[in-house]
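Please read them with the structure open.

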Amino acid sequence: MDSGIGQGLLTGFAVASTPANLLFCFLGVTLGTLIGVLPGLGPAGAIAMLLPFTFGMDVTTAIIMLCGIYYGAMYGGSTTSILINIPGEVASVVTTFDGYQMARKGRAGPALAIAAIGSFIGGTFSVVALTFVAAPIATAALSFGPPEYFALTLVGVVAAAYLSGKSLLKGLVMVIVGLMFSTIGVDIVTGGTRFTFGRIELYSGVEIVPILMGIFGVTEIMFLVEQPFLKQEIQTRVRLRDLWPSNPELRASAGPIARGSLIGFVIGLLPGAGAMVSSFLSYATEKKLSQHPEAFGTGVIEGVAGPETANNSAAGGAMIPLLVLGVPYSIITAIMLSALITHGLSPSPMLMTKQPEFFWGVVASMYIGNVLCVILNLPLVGMWVSILRVPFAKLFPLVLLCCVVGVYTINSRLFDLWVMIASGGIGYLLRKADYPAAPLVLALVLGPLMENAMRQSILISHGDPFIFFTRPISGVLMFVSLVFVSLPSVGWLAKRLGGAWRFALPRE
Amino acid sequence: MGPGFFPLLLGIALVGLTLLLLVKATLAARDPSLSLPQRFFPSRSGLLKLLYLIGALAVYVLTLQPLGYLLSTLLFLCALFLAWDPKKPGLAVAVAVASVLCSYVFFDLLLQVQLPKGLLG
């Protein structure tokens, strides 16, 4: 087993260090950082914008570049959190609490440095853990049949609905809408068309990229345009020699980074949660363990080190369900799955053994990507900050231009562009009404997988729906989904009954 | 298990969920302790900007094939630059021209995207 991993990594580094792959990893990290630094656009937007340009590449190169974009955008997001108090994406919201306060106290350099160091350690830890955990999970998953896959996807969408918004009901509505969109097109079992209204453009199903660009590009721009533009106070005086944290700061950060790595990886593995939850959880843990919890929020380095480590570690953890099971649990990995499918590759437990060059190449490129991120972000932080000085009025039309060209690239047809604009408008209305977009996107990608697994399961059981509950693994997963769905109503009932109980008591 | 089974299940689930939301919203509306939600559009000028943005995007898509990439993109960028920063029209047009040429070199020549040629083709 160990020699298998060693052999695999050797193969991987051989694949990842070819000039073309190194170049695209570097390009991905650079472009990702660039987009991540732009306010409002996070990793999902960055990947969606650049996805169409990877379609012409070799699969391995494409995924290596997408991973690079992902890491780069995460780094870029923490830079803006610390320097201008605008999180580039949800996972770095927590970083603003203490990071921006540190910057205001003149400690922007150490905050940026510890974010980069933590991200590097967290990212590397999770890639190492991935290397060791992937094989056993793949072996276990070999026995999974359609009912297990149905249950895995169900847990994924239900957990996303539960964790991504204020209201479970609204999250579930978005899941259903996403699944409904996924049924558009030719039905692969019977060959008949569904919900196409005679449009040839819809026969092969809805194209995912225009929808992503609409929701993560156009919608974001709409929100930014609507608000009166505020001049941000930018803490720019970051010199290279001011970057290095002091010894007490380094000592204070060691614990949070170690715990953040672990928290991030485990949370990243689980359905629904991902980078955002892991960063909040790490912040809460550090605050609880701290000897001075009241100082959190005023600029303590632990509050930056922990969450920044955790969200990058979660990125690695999230790759396991995608690469090993073929079931993505986060938006980022869902976008990557759609990229893989476009390239004609569907991840499964057999991926590691059948296509070792791809699997290990991608894993090895993550080690390289993490190193590149640190090299790009620490010494060049001044350059990224200068991008923030480009006025917003000049920036957003160019972002829209990139979205339009990106969408046009896929099929060279205007239909996709109309889908993008419509999705942008719908995304805007949904966000205004507190309907979260993440469950919709996840359900859209998981939909076909879910429907096929359900049909095959029912076929195996000759029409008995209890097949999902009687097999042990799928039974447990179905139970977990049920718990997620019933948690809010249990809380509501308890409150109601508690209230009634108090009324029934005689008043004193 | 015909092709309509999964959509039917989804439809039933959606009807159930929206009914629950309707009940919840009605109950919440009766509760005076809950404050009114914030306004849907924060300001009139914000709404006008949004409509202008969407209009510009729609015109861009409509003119993309007849006019070609270079001309339609130039129009689109000028429309947005000028509207957001009307004080320096010369600079806006210059930035637009430069962006169009740079993006053409990057997308068409470097990445080999097949952009519509239109009038100039």
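Predicted model: local features only at pLDDT ≥ 70, side-chain atom pairs only at ≥ 80, totals over all residues.

The points below take confidence first, then chain A, then chain B.

1. The predictor assigns the complex an ipTM of 0.91. The pTM is 0.84.

2. Secondary structure of chain A.

3. Overall dimensions. Chain A holds 508 residues, and a compact globule of that length would have a radius of gyration near 23 Å. The value for chain A is 23 Å, so the two agree. Along the principal axes, the C-alpha trace of chain A spans about 80 × 70 × 55 Å.

4. Packing of chain A. Of the 508 residues, 59% are buried. Take the contacts in chain A with a separation of 6 or more: 79% of them join residues 24 or more positions apart.

5. Surface of chain A. The accessible surface comes to about 20,200 Å². Carbon and sulfur atoms supply 69% of that area.

6. Charge on chain A. There are 27 positive side chains and 23 negative ones. How far apart do the centres of the two sets lie? They are 9 Å apart.

7. Confidence in chain B. The mean pLDDT of chain B is 86. A value of 70 or more is reached by 90% of the residues in chain B. Which elements of chain B have the lowest and the highest mean pLDDT? Helix H4 (residues 89-110) of chain B is lowest, at 88. Helix H3 (residues 69-84) of chain B is highest, at 92.

Definitions and conventions. Residues numbered from 1 in each chain as written. Chains lettered and ligands numbered in written order. Heavy atoms only, no water. Rg over C-alpha atoms; globule rule 2.2 N^0.38 Å. Buried < 20%, exposed > 50% of the residue type's maximum accessible area, 1.4 Å probe, protein only. Contact = heavy atoms within 4.5 Å. Areas by Shrake-Rupley, 256 points an atom, 1.4 Å probe, with all protein chains shown as cover. Lys, Arg positive; Asp, Glu negative; His and termini not counted. Charge placed at Lys NZ, Arg CZ, Asp CG, Glu CD. pLDDT = per-residue confidence, 0-100. Helix = DSSP H or I, 4+ residues; strand = E, 2+ residues; numbered from the N terminus.
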